[in-house]
Amino acid sequence: MKTIKLTHPHSLNSTELPPLAMALGYFDGVHRGHQEVITAARKLAEEKGLKSAVMTFDPHPSVVLRKNTQHVEAITAVSDKIELIEDLQIDYLFIVNFSEAFAALLPQEFIDQYIINLNVKHVVAGFDYSYGRLGKGTMETMPFHSRSAFDQTVISKQTDRDRKISSTLIREVLRNGDVEYACTLLNRPHRVKGTVIHGDKRGRTIGFPTANIELDNAYIIPPTGVYAVQFELDGERYNGVCNIGYKPTFYDDKKLKPSIEVHIFEFNKSIYGKNVAIFWYKRIRSEQKFGSIDELITQIGKDKASAEQFFQKLQD
């Protein structure tokens, strides 16, 4: 997959690109609904003898447009998005820098400069996709703005439990700790990437050493609590339990942000400074303060057993 980053105004023109079937969207999460749009573009490209393409934007429009709800925390960082879209066997990925100047484009200007001028012959987008200044361009107006230069396919609303599959819904369920349902909506476990850093090393003194993770990006993370997770290191996956929280058994004062610590099963290596990923599978319990270290040790043992049972069922 060829990744092309564009800033407005861009200098590409149609003669520099092959004829494209392009999926349009922000695609935070690359969830089941997004996969439907992107896969449709790939299939249309194959049928029509075109190259497949995806156009996405960075940062999130809400940040630039200063909306009340700003999606600063991502389900998928740009690097994750590139990886996931490449996994869907797309030929070209365009990442457009979403700036105030870009946001000010009239719908017709966006179509002329970012669709027609990029040699797009077929557009695929969700039913609620909008474009141009104030989102005035819609899938209903696109045939008019296309000037017959390209065709379009509109993907209908994708639902689960009678709710629209959307980045908004996934953000909601992740913030509620329902990582299992997020897995259903994403078609995979929610994943965050980070680096192993030095912590207070208290876990090893109570028989449960942990890897402390500093996230690489501003990801959405579940609320404080204990989770069954998989830990990826150097391409290998390990089962484990993750605690997100403020460790109230040890600290009375609440820190600015919670720590993320993973106890990896059957693992005993020094991995400080390593790049790793955490895959969230199931919430086991909320964070709590224990009356003694022994109570905490007993509970961690139960948490580990719960996670082991979960992963055993997953394999069966």
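These notebook entries record what I looked up in one predicted protein model.

**Ground rules**

I am working with a predicted model, in which local features need pLDDT of at least 70 and side-chain atom pairs count only at pLDDT 80 or more, while totals for chains, interfaces and linings use all residues. I number residues from 1 along each chain as its sequence is written, and side-chain values use heavy atoms, with hydrogens and water left out.

**Overall chain**

I began with the secondary structure, which comes to ten helices and 16 strands; helices (H or I, at least four residues) and strands (E, at least two) are DSSP runs, numbered from the N terminus. The C-alpha trace spans about 70 × 40 × 40 Å along its principal axes.

I then looked up burial, where buried means under 20% relative accessible area, exposed over 50%, and partly exposed in between, with a 1.4 Å probe and protein chains only. Of the 316 residues in the chain, 48% are buried. The chain exposes about 15,700 Å², and carbon and sulfur atoms supply 46% of that area; accessible areas come from the Shrake-Rupley method with a 1.4 Å probe, and for residues only the protein chains shown count as cover.

For contacts, meaning heavy atoms within 4.5 Å, I noted that among those with a separation of 6 or more, residues 24 or more positions apart account for 75%.

**Largest pocket**

I needed the terms before the values: on a 1 Å grid over the protein atoms alone, a cavity is a set of points where a 1.4 Å probe fits but cannot get out, a pocket is an open set with protein on both sides within 12 Å along at least five of seven lines, and lining residues have an atom within 4 Å of a point. Grid points are joined across faces, edges and corners, and a volume is the space filled by probe spheres set on the points.

The largest pocket holds about 1,300 Å³ of space. I found 45 residues in its lining, with Tyr26, Pro61, Asp128, Tyr129 and Ser130 lying nearest the centre. The elements giving two or more residues to this lining are α1 (32–48), α2 (61–64), α4 (100–103), β6 (130–131) and α7 (167–175).

By type, the lining of the largest pocket has 20 nonpolar, 17 polar and eight charged residues, where Ala, Val, Leu, Ile, Met, Phe, Trp, Tyr, Cys and Pro count as nonpolar, Asp, Glu, Lys and Arg as charged, and the others, Gly among them, as polar.

**Cavities**

My search of the whole structure gave two cavities of 30 Å³ or more. The second largest cavity holds about 70 Å³, and its lining includes Ile75, Asp80, Leu186 and His190. Both α3 (78–87) and β11 (190–197) supply at least two residues of that lining, which divides into four nonpolar, two polar and three charged residues.

**Backbone details**

I found a cis peptide bond joining His8 and Pro9, with omega about -5 degrees; Pro9 is in the loop between β1 (2–6) and β2 (20–24). Another cis bond runs from Asp58 to Pro59, with omega near 0 degrees, and Pro59 lies in the loop between β3 (51–58) and α2.

Phe27, in the loop between β2 and α1, has a positive phi of about 65 degrees although it is not a glycine, and Phe27 is buried at a relative accessible area of 3%. Glu266, in the loop between β15 (259–264) and β16 (275–285), has a positive phi near 50 degrees, but Glu266 is exposed at 74%.
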